[in-house]
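My entries follow in the order in which I checked things.

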Amino acid sequence: MDLCGEFVTHKVFGRGRIIGLENDFVTVLFLELNENKKFIYPSAFGRFLNLENEQLVKQIQSYKNEIAQ
């Protein structure tokens, strides 16, 4: 799944763009801070990061369900 370029929001850091995904980490460039932050993939989605793209939200939730089993 290619998440690079997708927009997310975070309660504290605000809106950001995903700039990388590797080794179970997603890197987000937060626009107002002009700072990169790393989050654990996929567990950060829904807890800390909210994707703007609803189709990808469903795909990530499905992936999280597969991991849980």
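I began with His 10, which has its place in strand β1. Helices (H or I, at least four residues) and strands (E, at least two) are DSSP runs, numbered from the N terminus. I note that this is a predicted model, in which local features need pLDDT of at least 70 and side-chain atom pairs count only at pLDDT 80 or more, while totals for chains, interfaces and linings use all residues. Residues are numbered from 1 along each chain as its sequence is written, and side-chain values use heavy atoms, with hydrogens and water left out.

**His 10.** Is His 10 buried or exposed? I found a relative accessible area of 12%, so His 10 is buried (buried is under 20%, exposed over 50%, partly exposed in between; 1.4 Å probe, protein chains only). Beyond its neighbours within four places in sequence, His 10 is in contact with Phe 30, Phe 39, Phe 48 and Leu 49 (contact: heavy atoms within 4.5 Å). A polar atom of the His 10 side chain lies 3.1 Å from the backbone nitrogen of Phe 13.

**Strands.** I then traced the partners of β1, residues 7-10. β1 pairs with β2 (residues 14-22) in the antiparallel sense over four bridges; two strands pair if DSSP finds at least two bridges between them. β1 and β2 form a hairpin, with three residues between them. β1 also runs antiparallel to β5 (residues 50-51), joined by two bridges. Val 8 stands opposite Gly 16 in β2 and opposite Leu 51 in β5.

**Rings.** How many aromatic pairs does the structure hold? I counted four (ring centres of Phe, Tyr or the six-membered ring of Trp within 6.5 Å; planes under 30 degrees apart are stacked, over 60 edge-to-face, the rest tilted). Phe 30 and Phe 39 have ring centres 6.2 Å apart and planes at 75°, so the pair is edge-to-face. Both Phe 30 and Phe 39 are buried. Tyr 41 and Phe 45 are also edge-to-face, because their centres are 6.0 Å apart and their planes at 85°. Tyr 41 is buried at 10% relative accessibility, and Phe 45 is buried at 5%. Ring pairs link Phe 13, Phe 30 and Phe 39 into a cluster.

**Helix α1.** Last, I checked the length of α1, residues 54-68. At 1.5 Å a residue its 15 residues should span 21 Å (1.5 Å times one less than the number of residues), and the end C-alpha atoms are 21 Å apart, which agrees.

Conventions. A polar contact is a pair of N or O atoms within 3.5 Å; within protein, one must be able to donate a hydrogen and the other to accept it, and residues adjacent in sequence count only if both atoms are side-chain atoms.
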